[in-house]
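Take a moment with the sequence and the fold before reading on. The paragraphs below walk through a few parts of the model.

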Amino acid sequence: MELKNCAPVLFVRDARRARDFYMDVLGCTVTHDFGGLNFFFQEGFALWQILDENIIPQTLGREHIYNAEGVSRFELCFETEDLDADYAALQAVGVRFLHRINTELWGQRTVRFYDPDGHLVEIGEALPVFVRRIYLQEGEDPEAAARRLFMSPEAVKHYLQS
């Protein structure tokens, strides 16, 4: 096999509404618009509004495609240089949060929330941002930072140079 062009696809009820959320709220960029029903984003994912005539709802059942109140089994993950500012912007537009800013076991600060169709979205500190923060908290000791971050000292040094 020689597979190419893998992209996660989110099934949405209203592709334009979902597109607007990802563009206006999260700042994502559409690279392809297929008739207002499917959108591909520069950030590496797509939105598809599945029509009833499509084989997917015919075989899975429409009730299994759109379930904004169901439990997410995956999430889209984005990184940011300024999590606090992005969190405030999300609060200002009234997104529904899974949790407030949280510090993960490996030291990265994250926030998780839902898009209009109930898909789970994470925004976390960019790797170099939280590696630098942990490095400073550990007294500028790459080995101590590496243990806390669950990575090698060489990886810590690499991200400190980023």
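Which residue in E4 stands opposite Phe 39? It is Leu 47. Keep in mind that this is a predicted model.

Strand E3 covers residues 38–41, and strand E4 covers residues 46–49. The two run antiparallel and are joined over three bridges. They belong to an open sheet of four strands. Its order is E1-E4-E3-E2, and the pairing is mixed. At the edges sit strand E1 (9–12) and strand E2 (30–34), each pairing on one side only. From one strand to the next, the twist averages 15°.

Helix H1 packs on this sheet. It touches E1, E2, E3 and E4. The direction of H1 makes about 20° with that of E3.

Now look at H1 itself, residues 15–25. Which of its residues are buried? They are Ala 15, Ala 18, Arg 19, Phe 21 and Tyr 22. Seen down the axis of H1, the buried residues fall within an arc of 155°, so they line one face of the helix. An α-helix has 3.6 residues a turn, so residues three or four places apart point the same way.

Both ends of H1 have something to show. Just after the helix comes Gly 27, with a positive phi of about 75°.

Follow the chain on to Thr 29, in the loop between H1 and E2. Is Thr 29 buried or partly exposed? Thr 29 is partly exposed, with a relative accessible area of 35%. What does Thr 29 contact, leaving aside neighbours within four places in sequence? The contacts are Phe 40, Phe 41, Gln 42 and Glu 43. Asp 52 is another matter. It is 23 residues from Thr 29 along the chain, and their C-alpha atoms are separated by 27 Å.

Finally, turn to another pair of helices. Two packed helices are described by the angle between their axes and the distance between the axes. Take helix H5 (residues 142–149) and helix H6 (residues 153–161). Their axes come within 8 Å and cross at roughly 100°. That makes H5 roughly perpendicular to H6. On the H5 side, Pro 142, Glu 143, Ala 145, Ala 146 and Leu 149 make the contact.

Notes: Residues numbered from 1 in each chain as written. Predicted model: local features only at pLDDT ≥ 70, side-chain atom pairs only at ≥ 80, totals over all residues. Heavy atoms only, no water. Buried < 20%, exposed > 50% of the residue type's maximum accessible area, 1.4 Å probe, protein only. Arc of directions from axis to C-beta. Pairing = 2+ DSSP bridges. Axes fitted to C-alpha atoms, helices over the stretch in contact; angles between N-to-C directions. Contact = heavy atoms within 4.5 Å. Parallel < 35°, antiparallel > 145°, perpendicular 65-115°, else oblique.
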